[in-house]
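Have a look at the sequence and the structure, and then we'll go pair by pair.

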Amino acid sequence: MLVKDEYKPKNLQIRRIAKDTWIVIHNESHTYTYVLKGKESALVINPCFDGYELRETIENIVDVPIIVVNTKYDESCLKANRYFTGCFVYISQNASDYLCINKKTIEIYENIEFKFIKANETKQLDLGNRKIYLREFDVQLDGGVILFDVNTKILFTGDAIESDQVVLLDHLSKSSVSIERYKELLSNLKTSDWDIQNICPSQNGSPIDNVVDDLLENCKRIIDGYLGSKDITTANFLNEDDSRDIGTITKLFENENLRKSCWKDSTIIYDVRHIFES
C-alpha cells in the first residue's frame, strides 16, 4: 500500500511482491527497480530512467531514508543515481573504475556518495528489522552485485541470473566471464548459507523460481562439449522489439561464434571462444 494513496505516477507502475517489497516498472523500457522497506531505512535496487519521477514515486511508497544499490554497471542506471543525492549508493569496485574514465562522467556523479563492494567481499546492510547481504558477482567484469534479503529469502541478481537468458558476451560490455568462471560463481553461491527461495532479476519477469541448479547444469554441459544453437534469439533478446541499433543487431547475427544453450529453465548465450579461463 502506498504511503500516499492518492499518488499516481505517470510513467511507472507499482506492484507489491512481498511484505514491504515492491517492484517499480518503467512503462516504456520494462526495466525493474526494487524497493525494500525496513523500520529505519529503505533499499532501492537499480534506479533507472525517469529518475526524478522514480524518486518521487519511491518517496510516496516509503517514509524512511533511502539507500541505493546498483547490481551492474549500466549507464542508464548509473545516470539515475544523480536523482538520489543525499543517499549512499553501493556499486561494485569494478564499476567504480569505469566511473572515473572521463571528466564528464565524474561531473555527473560528483554529488553522489558511492560505497564500493570489493572482490570476494560480502557486506551486510541493516534496514532495521531487515538484513540484506551484498556480494560482488561480476558476470560481465565491469561491475556486478547480487543481494540476498533474509526476510523474504529473495535473491536480487540484476542480469547475472535470469530464467529467460543470461548473456555472457563481450559485445555488451568491456569484457565478460567465461562459462568456467560463471560456473564457479554459481557454485560459490549454491554453497553459501543463503536460503534462496526466489530470484528477482533486472528484467524479463519477476520473481522467478531459483534457477541456480539449472544454470550450473547448463554450464557443465557446455564445458563437457555440448554446442548450443546458432539461433541466439529469445523472447527478450534480439527479437523484433529489441532496442539496440540495427548495426549492433546485424553484428551479433553475423558472429558465427555465438551460441544459445537451453537446459531446463535456463538459457545461456555465449561465445564458443570463451568457455574456459585462459
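This is a predicted model: local features need pLDDT of at least 70, side-chain atom pairs count only at pLDDT 80 or more; totals for chains, interfaces and linings use all residues.

How many aromatic pairs turn up in a search of the whole structure? The search finds five. In one of them, Y34 meets F156: the ring centres are 5.1 Å apart and the planes stand at 65 degrees, and because an angle over 60 counts as edge-to-face, that's what this pair is. Now see where the two partners come from. Y34 belongs to strand β3 (residues 32–37), while F156 belongs to strand β11 (residues 154–158), so the pair ties together parts 122 residues apart in sequence. And is F156 buried or exposed? With 1% relative accessibility, F156 counts as buried.

Next, hop over to F114 and F116, an aromatic pair that is stacked, with 6.5 Å from centre to centre and 15 degrees between the planes. F114 has a relative accessible area of 16%, and because anything under 20% counts as buried, F114 falls in that group. F116, at 32% relative accessibility, counts as partly exposed.

Back to Y34 for a moment: ring pairs link Y32, Y34 and F156 into a cluster.

The charged end of R135 sits over the ring of W194, at 4.3 Å from the ring's centre. Over at Y226, the charged end of R221 sits over the ring, 4.3 Å from its centre.

Definitions and conventions
Residues are numbered from 1 along each chain as its sequence is written. Side-chain values use heavy atoms; hydrogens and water are left out. Rings of Phe, Tyr and Trp (its six-membered ring) pair if their centres lie within 6.5 Å; planes under 30 degrees apart count as stacked, over 60 as edge-to-face and the rest as tilted. Helices (H or I, at least four residues) and strands (E, at least two) are DSSP runs, numbered from the N terminus. Buried means under 20% relative accessible area, exposed over 50%, partly exposed in between (1.4 Å probe, protein chains only). A charge sits over a ring if NZ of Lys or CZ of Arg is within 6 Å of the ring centre and within 35 degrees of the ring normal.
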